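Biologist: I'd like to learn how to read a protein model. Could we walk through one together?

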Amino acid sequence: MPLNKDALSTDETYMLRCLQIAKNGLGFTAPNPMVGAVIVHDNKIIGEGYTSAYGGSHAEVNAINSVSDVSLLKSSTIYVTLEPCSHYGKTPPCADLIVKMGIPRVVIALKDPHEKVAGKGIKKLEDAGCTVQVGILQKECEEHHKRFLTFFIKKRPYIILKWAETADGFIAPDSTKRGEEKKPYWITNTKSRQLVHKWRSEEAGILVGTNTVLADNPQLNLRDWAGKTPTRIILDRKLKISKDFHVLDGKQNTIVCTELADSDNFVEGVNYKVLDFSTNLPQQLCKVMHEEQIQSVIIEGGLQTLQSFIEAGLWDEARIFKGANTFSKGITAPKVTGRTLKHIQILTDQLTIIRND
């Protein structure tokens, strides 16, 4: 249910603003969370910030640095979507800076599940005499931080299944419809395809199976959208994909998962992971992505790969396009059940988004 902005309390109103600006970090901050921070003095916003690209300043630092009159901080409130960090990483602890600047009140939406924080930031603030309130717009901030929370609580990436199917329920045509050239056989229109590129810019990884690569020779990059290119995760059990395929071009981070520890056939610049394909493959892939700090992934096919994650219950969202054309025969689309979040009409296509609750 959408928020009734007219019914929000003062604290909720400023936390909502934190959420709005935090979205500016989508696709750039990982593996750090995309936090938003707002500083309020006498019911007026005097500073705002969101998490910089990974390695840069956190939201609280950017918000504090944006305040023109720092003397006001000693009688201000800072709002943040996630507990301020209490440890040294790429940057110093944000909790220390809040204490140093004398900000007396801190309003936090969520505790940080990261083992290096996990309440330590709140304790540091309280021990320094700050008034700390936790839980403002908690549900909304859990949704916003779903990638980060899934990664640290469930020890796996946030998993998005994505496919396009025809009006008669096929994700790929019969082989007789394809020409000799290996290229995608489009079901959706150009607007839908541009949206997929936007999604790729928002997630850390993109995963496909062997047959998808062999049939379509996809690039799995960003062409219709600007942003950070995801890491490609390619399933190639028998190392059938030769180095002349786009996915092994070395132009972006690529992980190939195989069962063959045959380093003589490994392509230079590609990260190979040897797995047991005979059992629990989705679970093994989640472990690999967790080890590689990939907090979110779009699984774009093919049928066997998508179905394996569905059957294992290892998915969080399914984003399904239905195009207007028909194939009559071909590869049947996967079946998935869950809570339908929305239907969106995109010219001739319909997009359905389903959540696995």
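Modeller: R319 lies over the face of W199, 4.6 Å from the ring centre. A charge counts as sitting over a ring if NZ of Lys or CZ of Arg is within 6 Å of the ring centre and within 35 degrees of the ring normal. R193 is placed over the face of W186 too, at 4.3 Å from the ring centre.

Biologist: Before we go on, what kind of model is this?

Modeller: This is a predicted model, where local features need pLDDT of at least 70, side-chain atom pairs count only at pLDDT 80 or more, and totals for chains, interfaces and linings use all residues. Residues are numbered from 1 along each chain as its sequence is written, and side-chain values use heavy atoms, with hydrogens and water left out.

Biologist: How many aromatic pairs does a search of the whole structure find?

Modeller: In general, a pair of aromatic rings is described by the distance of the centres and the angle of the planes. Rings of Phe, Tyr and Trp (its six-membered ring) pair if their centres lie within 6.5 Å; planes under 30 degrees apart are stacked, over 60 edge-to-face, and the rest tilted. The search here gives five pairs. One of them is tilted: Y14 with Y79, at 5.4 Å centre to centre and 45 degrees between the planes. That pair links distant parts of the chain, with Y14 in helix α1 (residues 10-22) and Y79 in strand β3, 65 residues apart. Helices (H or I, at least four residues) and strands (E, at least two) are DSSP runs, numbered from the N terminus. Elsewhere, ring pairs join F148, F151 and F152 into a cluster.

Biologist: Are Y14 and Y79 buried or exposed?

Modeller: Both are buried. Buried means under 20% relative accessible area, exposed over 50%, and partly exposed in between (1.4 Å probe, protein chains only). T77, also in strand β3 (residues 77-82), counts as buried at 11% relative accessibility. Leaving aside neighbours within four places in sequence, T77 is in contact (heavy atoms within 4.5 Å) with V38, I39, V40, I103, R105 and V107.

Biologist: What about a helix? Which residues of α10 are buried?

Modeller: The general idea: an α-helix has 3.6 residues a turn, so residues three or four places apart point the same way. In α10 (residues 303-311), the buried ones are T305, L306, F309 and I310. Seen down the axis, they fall within an arc of 135 degrees, so they line one face of the helix; the arc is that of the directions from the helix axis to the C-beta atoms. Q304 and E311, on the other side, are exposed. The buried residues pack against β6 (158-165), β8 (205-208), β9 (231-235), α9 (281-291) and β12 (296-299). After α10 comes G313, whose phi is positive, near 70 degrees.
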